[in-house]
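Hi everyone, thanks for making time for this. Let me put the structure up on the screen, and then I'll talk you through it.

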Amino acid sequence: MTHAQLPAQWTLQRIRDVSGDQEAVVLDTERTVNWVAGPGAHEALRPEIVLGFHGLCLVKPVDDDDWYMGSLYDDGSIDCWAAYGDLYEALRGL
C-alpha cells in the first residue's frame with residue numbers, strides 16, 4: 001500500500017489556508033484515477049499524491065508535474081477533468 005504524502009515544501013495547514021478548506025485531507029494513492037477531459041479520452045493516471053476537498057480531489061501523477069482536479073466517488077475512484085501547472089493555482093481553482 002502506498003502511503004499518503006504531502007507535496008514538497010507544503011504542509012497540510014498551508015494547503016488548507018490556500019484552498020480555503022480547513023478540512024482538506026491527504027488521501028491514500030491506492031485508488032483508480034482517470035483523466036476524462038474529452039469524449040472517449042479516458043486515460044489512467046498513476047497518483048503520487050492525492051489531496052481531498054469535500055468530494056473534489058487534486059492528484060499529482062507519478063512522472064508528471066501537473067496537478068489534476070477531479071471528483072471523488074464513493075468507491076474511492078477519481079475522474080479528473082481539469083489540469084493545472086502548479087499546486088497553488090490548482091488550490092485556488094477549487
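What you see is a predicted model, in which local features need pLDDT of at least 70 and side-chain atom pairs count only at pLDDT 80 or more, while totals for chains, interfaces and linings use all residues. Residues are numbered from 1 along each chain as its sequence is written, and side-chain values use heavy atoms, with hydrogens and water left out.

So, the sheet. Two strands pair if DSSP finds at least two bridges between them. With that, we get an open sheet of seven strands in the order β1-β4-β5-β6-β7-β2-β3, and the pairing is mixed. At the edges sit β1, residues 25–27, and β3, residues 43–45, each pairing on one side only. From one strand to the next, the twist averages 35 degrees, with axes taken as lines fitted to C-alpha atoms, for helices over the stretch in contact, and angles running from 0 to 180 degrees between N-to-C directions. As a reminder, strands of a sheet pair through backbone hydrogen bonds, either parallel or antiparallel.

Let's walk along part of that order. β1 and β4 run antiparallel and are joined by three bridges, with V26 opposite L51 in β4. β4 covers residues 47–53, and its antiparallel pairing with β5 extends over six bridges. There, V50 faces V59 of β5.

Why is strand β5 described as largely enclosed by the rest of the structure? Because five of its six residues, in the stretch 56–61, are buried. Buried means under 20% relative accessible area, exposed means over 50%, and partly exposed is in between, using a 1.4 Å probe and protein chains only.

Now to charges. A salt bridge is a side-chain nitrogen of Lys or Arg within 4 Å of a carboxyl oxygen of Asp or Glu. How many salt bridges does that rule give? The count comes to one. The partners are K60 and E48, whose closest N and O atoms are 3.0 Å apart. This pair links distant parts of the chain, with K60 in strand β5 and E48 in strand β4, 12 residues apart. K60 counts as buried, at 12% relative accessibility, whereas E48 is partly exposed at 28%.

Compare that with R16 in helix α1. R16 is buried yet has no salt bridge, and the nearest side chain of opposite charge, D21, is 6.5 Å away; here Lys and Arg count as positive, Asp and Glu as negative, and His and the chain ends are not counted. Leaving aside residues up to four places away in sequence, R16 touches D21, Q22, E23 and A24, where contact means heavy atoms within 4.5 Å.

Staying with α1, its buried residues are I15, R16, V18 and S19, and what covers them includes β4 and α2, residues 87–92. Q13, also in helix α1, is partly exposed at 39%. The side chains of Q13 and D17 are joined by a polar contact of 2.8 Å. That term means a pair of N or O atoms within 3.5 Å; within protein, one must be able to donate a hydrogen and the other to accept it, and residues adjacent in sequence count only if both atoms are side-chain atoms.

Last topic, the backbone angles. Most residues other than glycine have a negative phi, and most peptide bonds are trans. Which residues take a positive phi in the hairpins around β5? In the hairpin of β4 and β5, with two residues between the strands, H54 does, near 45 degrees. In the hairpin of β5 and β6, with five residues between the strands, D63 does, near 60 degrees. D63 is exposed, with a relative accessible area of 75%. Q9, in the segment before α1 (12–19), has a positive phi near 70 degrees and is exposed at 74%. And just after α1, G20 takes a positive phi of about 80 degrees.

How values were computed
Helices (H or I, at least four residues) and strands (E, at least two) are DSSP runs, numbered from the N terminus.
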